[in-house]
Amino acid sequence: MTDRRVYLDHAATTHLSPAAAQAWASAAAQVGNPSSLHTSGRQARRLVEESRESVADDLGVRPSEVVFTSGGTEADNLAVKGFAWRGGSAGRVLASPIEHHAVLDAVLWLEEQGHKVDWIPVDALGRVDVNYVRAHLDDDVAVCTVMWANNEIGTVQPIHQIAQACLDAGVPFHSDAVQALGAIPLDCAIPGLTSAALSGHKIGAPVGVGALILDRDAEPVPLQHGGGQEREVRSGTVDAASIAAFAVAVHEAVEHQVEAAEHMRLLRDRLIDGIVDLAPEAVVNGDRVDRLPGNVHVTFPGCEGDALLMLLDAAGVECSTGSACTSGIPEPSHVLLAMGVDARTARGSLRFSLSRTSTDADIDRVLDVLPAALGRAARASSPRLRSRV
Ligand code: PLP
């Protein structure tokens, strides 16, 4: 066995791209606040505006529609809360129950504040019910939010259909596209899509930068007030170096999307087939067709996902359960629960997430160490055997 660690948690964060790191380092070496009027300030401003143009060009939108943020969480909060607030205290929110916590918790908070929320049902593969969306886009809906692709199970949503329904009803539509960027074609200019959240550290930029792609006519209420640096909807000194790195990473992600997706898809399918061969009782979650090319999400009945994760980690393979862990207590995934999976089964799940840097050797290693880890995890969660120790 080699000491090389196999990193298969790219949906959580991925390696810094060398080109993005270089862009960051060269910009960070320069002084200058992009809002300052002197030469250094104007140079920083130029870098930000060139980065904005580059991101806009890569995503098929106008430069004015790129609002830089501190990441996906801020972009999601700005859209979801900002549109809900714009609709007034009676503004209803239509949301899928399988959103990332960046959206989910914002919606739950709005509900606590008195906003009515309609949770859109999802089926057993995690696909939202478009007919439900169409039937519930009433006049009082302030925002509809459905993620482009799910971060746990990888299911890709029918975004074009939902956007069209929202366009017909005149309702702002927000989509969390954090996991979609670089993995599947991402057309941010589709009619009816009002905003989309992006995060840098999922595509090779540093942590702490992202963007809200925001229709030029949309005006969410800002989350925080200050200098209004980003189109008056986002305040705070603009981080020119991170934005420069973000633009480079977005360009790489979009430029290499097709071959990266093909590469990941082959590895993903080999891993899924290998797991099912080793453990025929394993259940592959999510849509097998409309699925992120780098996502493998599997439930192993009779095993605790967290135990399995730690056993694999000890064997040099890094992956995730995909769901949140609150105060050290593993929680069953809200995504699997919404799909109708019971809490006990939901706890037995693992996510392997690939990137364009993943290799056949990574997959070989997982398949090599998995049987022993599964055997130990099953013994650890068997009450009869546990009572002997
Ligand atoms: N949305 C999704 C789907 C994500 O996977 C993540 C990160 O895990 C986020 C939002 C949050 O992005 P950030 O870490 O940039 O705040």
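Predicted model: local features only at pLDDT ≥ 70, side-chain atom pairs only at ≥ 80, totals over all residues.
Residues are numbered from 1 along each chain as its sequence is written. Local features need a pLDDT of at least 70 and side-chain atom pairs count only at pLDDT 80 or more, while totals for chains, interfaces and linings use all residues; side-chain values use heavy atoms, with hydrogens and water left out.

The chain averages a pLDDT (the predictor's confidence in each residue, from 0 to 100) of 94, and 96% of the residues score at least 70. Over residues 384–389, however, the pLDDT is below 50, and this stretch has 3 contacts (heavy atoms within 4.5 Å) beyond near neighbours in sequence.

I turn to the cores. A nonpolar core is a set of buried Ala, Val, Leu, Ile, Met, Phe, Trp, Tyr and Cys residues joined through side-chain atoms within 4.5 Å; buried means under 20% relative accessible area, with a 1.4 Å probe and protein chains only. The largest such core has 62 residues, and C144, W148 and F246 have the most contacts inside it. Helix α7 (residues 240–255; helices are DSSP runs of H or I, at least four residues) supplies the largest share, 8 residues. Domain 1 (6–14 + 257–388) and domain 2 (18–255), with bounds from an automatic or database domain assignment, both contribute residues, so this core lies between them.

A second, separate core of 33 residues includes L311. That residue belongs to helix α9 (residues 305–314), where G305, L308, L309, L311 and L312 are buried. They lie on the same side of α9, because they cover an arc of only 165° around the axis, taken from the directions from the helix axis to the C-beta atoms. Among the elements covering them is α12 (360–380). Just after α9, G316 takes a positive phi of about 95°.

Definitions and conventions
Buried < 20%, exposed > 50% of the residue type's maximum accessible area, 1.4 Å probe, protein only. Helix = DSSP H or I, 4+ residues; strand = E, 2+ residues; numbered from the N terminus.
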